[in-house]
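Me: Here's a model I'm about to dig into. Pick a single part, walk me through it closely, and spell out your cut-offs as you go.

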Amino acid sequence: MTTQEGKNYIGINYDNCIYCGECIRKCPHDARDFEDDYEDFIEDMYSKKGKVSLLVDPSIRVAFPDVWQDVLKWFYTQGIRKIYDVSFGADIATWAQLRTVETNKAGKYITSTCSAVISYAEKHDNSLLDKLSPVHSPAACMAIYAKTKLKDTASFAYLGPCPGRKDEFNNTKLIKYNVTFTRMKEYFEKRKISFANTGQGFNFEFTHKQGLMGALYCKPKGVKENLLINRPNCNISNCDGLSKTYYHLNRYSKIETKEYIPDVFEVLSCDDGCNGGVGIGKDKEVLPPAVISRVMDITRKDAEKRRNGLFNINKSDRLFKEFDKELRLESFLRTYEPHGSKMRQPTFDELNNVFNTMFKFTDFDRNINCKACGYKTCTDMAVAVFHGSNIKENCVYFSRNISGNDSAQVAEVKHSLDAVEKAVTENLPAIKSKAEEIRKEAVSIYSNNDKTAEATKTIIKVIEQMIDACGNPKGVSRETITEISGTLDLIRKIILNLEKFVTKNSESGYAIDRCINSIEEISGIINTTVYNISKNK
């Protein structure tokens with residue numbers, strides 16, 4: 001992007017960004033970051049006491065290991081009156097998914113728990129929209145339940161690991177604040193707020209019921225485990241991690257044999273699922289996979305204890321029966337709409353022009369694929385330059401070729417291009433005007449010649465009839481007839497020669513017209529080429 005002062009800077013195209021966080025993970029200089037609503041949330045938490053309720057993602061156990069309960073107690077002391085466990089919203093989401101399948105409201109589907117996956121379908125691959133589960137995310141399900149069933153009229157804030165939830169919340173209008181663990185950690189650090197180590201297994205006093213197996217939704221295969229408890233024969237495939245997820249999503253809609261499509265395709269954009277979200281914390285704060293696995297083992301055991309109770313009674317069945325009686329399935333279903341801007345692929349000539357302006361003239365130059373620009377291939381970068389979403393100055397190859405002595409050469413080339421553009425722009429209109437005049441004359445030539453040729457044919461026909469008449473004289477001297485016949489024969493020969501000349505002249509007129517067409521085509525090509533050069537130089 002370019003400022004009014006002519007300076008270039010990197011900006012986010014929010015129309016196409018899916019908030020997967022990969023650009024932040026890949027930047028080794030910590031030069032990229034995300035935004036959430038924590039500042040507005042903190043301000044309203046203090047100024048509107050009791051008017052903001054908190055929805056807590058189960059991944060808080062990974063974000064704040066051993067102190068998560070004390071962190072939530074702190075929110076109670078700062079003005080938050082109600083704190084809900086999103087694990088309970090995940091239990092609602094499991095129930096809703098089971099019921100949509102049983103009531104034929106959904107066939108085979110892709111899970112809808114990952115906001116980045118939903119944004120990808122909405123912004124980049126609309127063919128996936130009708131394949132997404134119509135069930136709201138666990139956070140949204142919890143908000144709907146708190147508002148409709150528990151009559152909570154406060155504004156809802158979601159505390160979780162995902163900056164991308166903001167897109168979902170903007171579309172559904174159910175949750176006002178998206179607050180990440182990362183921003184809250186920074187807030188605590190700045191104010192030197194510390195918490196007691198209370199361990200992982202302690203059950204926090206949420207405002208409403210704590211979730212059961214929904215606590216596993218934040219891990220890979222978490223949805224799968226929940227569904228298989230209730231539908232053991234369900235065929236479920238799963239995929240997590242950006243390097244695999246979007247590749248398989250692209251292939252999903254192209255599967256021709258429908259029998260091979262799983263009943264449920266569980267997809268999460270981040271490695272380790274929500275537990276590996278970019279909003280969990282800075283790199284140094286992220287737990288190693290082995291520790292995350294251990295935390296989730298403890299979470300599972302706690303959830304199973306709550307699910308089975310003292311007498312080993314399956315509470316999930318009882319909870320789902322309560323949902324059947326108390327909840328309306330339609331309240332927890334949503335629709336999806338296409339978003340983002342659709343950008344067409346440049347033509348071969350358009351892409352070729354972009355490569356030329358980047359001093360990439362050979363196939364080797366155009367396939368260096370060093371990835372320093374942030375794109376996988378040079379072609380991807382060239383397409384981005386074509387659309388204006390990047391600039392050629394961000395290409396290392398281009399920058400090297402215009403450095404040092406080459407800069408003078410580049411300036412000379414640009415000066416020459418300016419001269420060519422000016423010359424063509426000034427002279428093309430005159431060329432086209434004169435060509436049109438010549439065309440009119442050419443049309444007149446072969447049009448009149450056509451009429452003349454037709455007239456000569458008529459004259460010849462009449463003369464031949466007269467000559468035939470002279471062959472049967474009645475009362476006319478033979479000498480007179482012979483003289484007339486000879487004269488007519490001479491006229492016929494003259495007209496025949498005239499016809500040949502006219503025909504040749506007509507062919508010349510057609511040839512002139514073809515030349516004019518060629519001139520116009522060449523003029524158009526020159527005009528287009530100069531326009532593309534001036535656009536990309």
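Reply: Let's begin just past the end of helix 5, where asparagine 104 has a positive phi of about 60 degrees. Helices here are DSSP runs of H or I with at least four residues, strands are E runs of at least two, and both are numbered from the N terminus. Bear in mind that this is a predicted model, with pLDDT of at least 70 needed for local features and 80 or more for side-chain atom pairs, while totals for chains, interfaces and linings use all residues. Numbering runs from 1 along each chain as its sequence is written, and side-chain values use heavy atoms, with hydrogens and water left out.

Now the helix itself. Helix 5 covers residues 86-102, so 17 residues, and spans 24 Å from first C-alpha to last, close to the 24 Å expected at 1.5 Å a residue (the expectation is 1.5 Å times one less than the residue count). Of those 17 residues, 15 are buried, so the helix is largely enclosed by the rest of the structure. Buried means under 20% relative accessible area; exposed is over 50%, and partly exposed lies in between, with a 1.4 Å probe and protein chains only. At the start of helix 5, aspartate 85 puts a side-chain oxygen within 3.0 Å of the backbone nitrogen of serine 87.

Strand 2 takes in residues 83-85, and it pairs with strand 1 (residues 52-56) in the parallel sense over three bridges. For pairing, DSSP has to find at least two bridges between the strands. Isoleucine 83 in strand 2 is the bridge partner of leucine 54. Leucine 54 also stands opposite alanine 157 in strand 4, and strands 1 and 4 pair in the parallel sense over five bridges.

Strand 1 has five of its five residues buried, so the rest of the structure largely encloses it. Val52, Leu54 and Val56 point one way, Ser53 and Leu55 the other, and all are buried.

Strand 4 then pairs with strand 5 (residues 177-180), in the parallel sense over four bridges, with glycine 160 opposite threonine 180.

Methods. A polar contact is a pair of N or O atoms within 3.5 Å; within protein, one must be able to donate a hydrogen and the other to accept it, and residues adjacent in sequence count only if both atoms are side-chain atoms.
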